[in-house]
Amino acid sequence: MPVDLDDTDVAILKSLMQDGRKSFRAISREISVSTPTVKARYERLVNMGLIKAVKPEIDVSKIAGPGRDLFKGPVTKKVRLEGLKVKIKCEFCGGPIHGAPKVLRFAGLERFFCCTSCRNGYREKYAGRIQSLVEQHKRRPSR
């Protein structure tokens, strides 16, 4: 079963589709939620695999010369976001996640699993890497 996105998730996605360079603060003011909420939701959408990249929208008419050929094809896409659901796969077994995912949070990251067995298996298999990331995260200066 896909994961439902709420109105806040959809509002963040719409805002980023209008301008992918907006700061979390600008988005929070636009959609009337706190900046930490926007940051957390954005990171969750990235961790789910829904947001793969934030890319520039290029005005091809501003490019002169032979380099213009590099940008042939559609530059922007219009997407309808109402009622959006996201299919996610288990980080451990690769199977579909039915219902609410089991989440493992560490070092500002989230990993999604179909069951507690997969979550525990992932935690055991990658314990050293997880610990390393947690330590690096602790040493990073706050923003």
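Two residues are in contact when heavy atoms of each lie within 4.5 Å. By that criterion, in this predicted model, residues 24 or more positions apart account for 49% of the contacts in the protein chain with a separation of 6 or more. The chain contains 5 helices and 4 strands, arranged along the sequence in the pattern β-α-α-α-β-β-β-α-α. Of its 143 residues, 29% are buried. The accessible surface amounts to about 10,200 Å², and carbon and sulfur atoms contribute 52% of that surface.

The description of individual elements may begin with helix α1, which spans residues 7-18 and includes Ser-15. Ser-15 counts as buried because its relative accessibility is 1%, and the cut-off for burial is under 20%. When neighbours within four places in sequence are set aside, the contacts of Ser-15 are Lys-22, Ile-27 and Glu-30.

Between α2 (24-31) and α3 runs a loop that holds Ser-32. In general, most residues other than glycine have a negative phi. Ser-32, which is not a glycine, has a positive phi near 60°. With a relative accessibility of 66%, Ser-32 is classed as exposed.

Buried within α3 are Val-38, Tyr-42, Arg-44, Leu-45, Asn-47 and Met-48. After α3 comes Gly-49, which has a positive phi near 90°.

Is Ala-107 buried or exposed? Ala-107 is buried, because its relative accessible area is 18% and the limit for burial is under 20%.

In α4 (residues 116-125), the residues Cys-118, Gly-121 and Tyr-122 are buried. They lie on the same side of the helix, because they cover an arc of only 100° around the axis. An α-helix has 3.6 residues a turn, so residues three or four places apart point the same way. Against which elements do the buried residues of α4 pack? Their partners are β3 (102-106), β4 (109-113) and α5 (127-139).

Conventions
Residues numbered from 1 in each chain as written. Predicted model: local features only at pLDDT ≥ 70, side-chain atom pairs only at ≥ 80, totals over all residues. Heavy atoms only, no water. Helix = DSSP H or I, 4+ residues; strand = E, 2+ residues; numbered from the N terminus. Buried < 20%, exposed > 50% of the residue type's maximum accessible area, 1.4 Å probe, protein only. Arc of directions from axis to C-beta. Areas by Shrake-Rupley, 256 points an atom, 1.4 Å probe, with all protein chains shown as cover.
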